[in-house]
Amino acid sequence: MSEKFEALKQRVGASIMNTYGRYPLAIAKGKGCSLYDLDGREYLDLLAGIAVCNLGHCHPEVTQAVCDQAGQLVHVSNVFFQEPQAALAEALLETWRPGRVFFCNSGAEANEGAIKLARRYMHAVRGEDRHEVVTLVNSFHGRTLATLTATGQDKVKDGFHPLPEGFVTVPAGDLEALKAAIGPKTAAVLIEIVQGEGGVKPFPADYLAGVQAACREAGVLFMVDEIQTGLCRTGKWWAHQHYGLEPDVITSAKALANGLPMGAVLATEDVAAGFVPGTHATTFGGGAVLCAAASKTLEIMDRDKLAERAARLGDFAKALFQDVAECNPGKIKEVRGLGLMIGIDLAVDGQKAWEELTKRGFILNLTAGSVLRLLPPLVITQEELRRFAQALDDVLGAM
Ligand code: PLP
């Protein structure tokens, strides 16, 4: 490690709360699919800030949109109307279905909003005493008290009890268990289409269709967390669109403003009627600069056909990694994913493989202990994916 890095590490350790197990790397600059450390060494970014910078780092058109808007209007309370917000809401609904949007600042806040909306819709619109939300084991929905309770992983709950009431978690992929958990108190089911933090696990189409059908039959809301899977990542605007599903509510964040903090709850008009003035709010949600960045992000995704690109390059990458698996028998259990959301489930020491790849200049992460997770900018090239596959082959070959 360089002296510059060690000095920064000391300062961070002495001043910032110790909530992250950080990689031994400090990033000073990003451009496209490249990141640069304090000494100017270049890395190929296969993580995009965990599915955030889908257009690549510092996309010049988004940067320009941010600068232009920052010179015009940065913040005004949501008690006023603003055009950039309307433009973004319209563009978002174009990618989904008619409805209404609530803007917020993060994924957790979007899911928190969706949970509140489900409860209030049942109570205020349907006049029913329903408040429970059913979620799946291994899911990830955020770190606020409600969303960590919704999350189907014990490690995020450790030390935070007592947790809010009203959440039921059932085994993922088990339709009968889900149906059994839906009862007279259920307001909604909340799922991811591909579990991201849970190890890049896509669900079979018939399971997903079954979840929607179970929700319809029981008269409860079907809500999809598209925070990681949305915005072209998996090869469609939204991952549920691969399966012809029609959720009542979806949540978005991460890639929405290509790196600036923004979240959104999208709901059908009927469900959105659960919120009326005074029932839900957030100071910064839908700020003008964020909306300008997000509108430009959506415009570029559409113009440059990034969903199609993610589908095409996702297939290309999976075939490459499958070849690596065949050349290294017994070292890769499975290559899976949807579009450019890819998991390489290793049968060898995941931490060691990840460290070796980082040393060679590739940024990706390790999730669920053994799964190398790739969420590259959607502008990544075939040549860059080939370079990574070659490095993976070398690393596994030596293990
Ligand atoms: N939902 C999913 C599926 C996520 O992957 C994440 C973050 O990784 C979240 C919710 C929480 O988002 P945020 O970290 O912006 O609160």
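A polar contact is a pair of N or O atoms within 3.5 Å. In this predicted model, a backbone N or O atom of Phe140 lies 3.2 Å from a nitrogen atom of the ligand. The side chain of Lys254 has an N or O atom 3.2 Å from an oxygen atom of the ligand, and for the side chain of Glu197 the distance from such an atom to a ligand oxygen is 3.4 Å.

## Cysteines

A disulfide is a pair of cysteine sulfur atoms within 2.5 Å, and the count here is 0. Cys58 is in no disulfide, as the nearest cysteine sulfur, that of Cys53, is 7.7 Å away. Cys291 is also in no disulfide; its nearest cysteine sulfur belongs to Cys104, 11 Å away.

Residues are called buried under 20% relative accessible area, exposed over 50% and partly exposed in between, using a 1.4 Å probe and protein chains only. Cys58 is exposed, at 55% relative accessibility, whereas Cys291 is buried, at 0%.

## Basis of the model

Residues are numbered from 1 along each chain as its sequence is written, and side-chain values use heavy atoms, with hydrogens and water left out. Local features need pLDDT of at least 70 and side-chain atom pairs count only at pLDDT 80 or more, while totals for chains, interfaces and linings use all residues.

How values were computed:
A polar contact is a pair of N or O atoms within 3.5 Å; within protein, one must be able to donate a hydrogen and the other to accept it, and residues adjacent in sequence count only if both atoms are side-chain atoms.
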